[in-house]
Amino acid sequence: MQQIELQTTPADHRIAQLAAAAIALSLVDAAIPLPLPGVKPGLANIVTLLVLYRFGFAAAAWVTGLRIVAGSLLLGHFLSPGFFLSLSGGICSLFMLALVCRLPQQWFGPVSLSVFAAFAHICGQLLIARLWLIPHDGVFMLAPVFFAAALFFGIINGLIVARLLGELPPEEAQHA
Amino acid sequence: MNRWLNLLRPGDWLVVAVAALLVAAAFPLVWQGGIAEKAVVRRDGEVIAELDLSRKRTLEVAGAIGTTVIAVEPGRARVAADPGPRQYCVRQGWLKRPGEIAICAPSHISLQIAGRKKDFDSIAY
């Protein structure tokens, strides 16, 4: 029998650990009851933003991708419409983050990034929903509610990220 | 509270303010819906009158158990009176949005608001 050994670097381990944290948060997310389907706190985005600040965009993209795939496996909706909704939302918010993380940091903090990402996320989901799942303009009837939720949870998540960034000294995080 | 507010940078306030404006603007933009243009009155499923919603008028329709009165005002219409025992269609009040419908089942009469384009009643997957 042939032994297959994967060469892993400390960076890989770090990404795996952070993705695990993000997956745990997305499970918490799914467990929180909210009145409207589609409105979610998006707590896993806290991890994405923290990783973006600490380890750069590539790591954040990896963590998000792993979180979406592994999280959907755990929740049992891999390759279901819900999976594609969160995939398109994740991709859109990553694109948005890639753009807005170039904004001057002394002016725009985690709250800005979080709000931008939340709006991109819901726009990506609405786009997929309109193009594929519910091909009728009726889906946009719910858009204002989703936008309001994106703003609300975007601010909250951004504040949490800002708080965590302030409490974690940078050196410690690098070796975590 | 102050501790949390200190985490916001100047640009964050700007982003939050602009986003809040967008959210506030999205509500009327999306929920205005189509424009109600006419009221369609049906008896036994057949259209017996199409009323223009641009001016005020009333219409009396002979239903299965008596006379039903339809009232039209600019932009809205309602069933003003109906001989039905439970008065559901009367109590529904003014209809404004395209697709809204009041059904007076005992009279076999329905009043529906129509917009420019015909919407689906429902979509199921």
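Of the 176 residues in chain A, 40% count as buried, meaning that 20 or more other C-beta atoms, placed from the backbone, lie within 10 Å of a residue's own. The model is predicted: local features need pLDDT of at least 70, side-chain atom pairs count only at pLDDT 80 or more, and totals for chains, interfaces and linings use all residues. Residues are numbered from 1 along each chain as its sequence is written, while chains are lettered from A and ligands numbered from 1 in the order in which they are written.

Let's look at the fold of chain A. It has 7 helices and 0 strands, taken as DSSP runs (H or I of at least four residues for helices, E of at least two for strands) numbered from the N terminus. Its C-alpha trace spans about 55 × 50 × 30 Å along the principal axes.

Beyond its neighbours within four places in sequence, Val115(A) is in contact with residues including Leu151(A), Val15(B) and Ala19(B); contact means C-beta atoms, placed from the backbone, within 7 Å.

That brings us to the interface. Here 19 residues of chain B are in contact with 22 residues of chain A. Helix α2 (residues 10-31) gives the most to chain B's side, with 13 residues.

Methods: Contact = placed C-beta atoms within 7 Å. Buried ≥ 20, exposed ≤ 12 C-beta atoms within 10 Å, placed from the backbone.
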